[in-house]
Amino acid sequence: QLQLVESGGGLVQPGGSLRLSCAASGFTLDYYAIGWFRQVPGKEREGVSSISSSGGSTNYADSVKGRFTVSRDNAKNTVYLQMNRLKPEDTAVYYCAAGPDSAGPDYSDYPHVADFGAWGPGTQVTVSS
């Protein structure tokens, strides 16, 4: 059974940092692009960033460019999203999902929800003073 689990969310002040982790069980992440997405109540889930299976390519939504960094450690079967200079508008539930490399940054400017499967349950990030 393919499962992804996000962790690392929490409450942080504006300007602060968090690092989210996306861990896999039941399968190896080596062969999959991984996308990060976020969603706030009443809005559609949006793509934030993705990384290719090799880690050699990444992409970011314009709203997070220069502040967020995606990386992966295939030996640990884990993908990370380092979030710096957080803003209140970054508040959302953050999800990771696995997809083929054709869904990743070598083929698209940002991740699309429909191209990814094997979603995790999400982790809440709240940016507030």
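How far apart are the mean positions of the positive and negative charges of the protein? They are 8 Å apart, for 10 positive and 12 negative charges. Here Lys and Arg count as positive and Asp and Glu as negative, with His and the chain ends not counted; each charge is placed at NZ of Lys, CZ of Arg, CG of Asp or CD of Glu.

A word on the ground rules: this is a predicted model, where local features need pLDDT of at least 70, side-chain atom pairs count only at pLDDT 80 or more, and totals for chains, interfaces and linings use all residues. Residues are numbered from 1 along each chain as its sequence is written, and side-chain values use heavy atoms, leaving out hydrogens and water.

The protein has 10 strands and zero helices (DSSP runs, E of at least two residues for strands, H or I of at least four for helices, numbered from the N terminus). Of its 129 residues, 45% are buried, meaning under 20% relative accessible area with a 1.4 Å probe, protein chains only.

Now to the disulfide, a pair of cysteine sulfur atoms within 2.5 Å. The count comes to one, formed by Cys 22 and Cys 96 with their sulfur atoms 2.1 Å apart.

| Cysteine | Strand | Strand residues |
|---|---|---|
| Cys 22 | β3 | 18–25 |
| Cys 96 | β9 | 92–99 |

The pair therefore ties together parts that are 74 residues apart in sequence. Both Cys 22 and Cys 96 are buried. The torsion about their S-S bond is about 80 degrees, so the disulfide is right-handed.

Finally, the C-alpha trace spans about 40 × 30 × 25 Å along its principal axes.

Conventions: Buried < 20%, exposed > 50% of the residue type's maximum accessible area, 1.4 Å probe, protein only.
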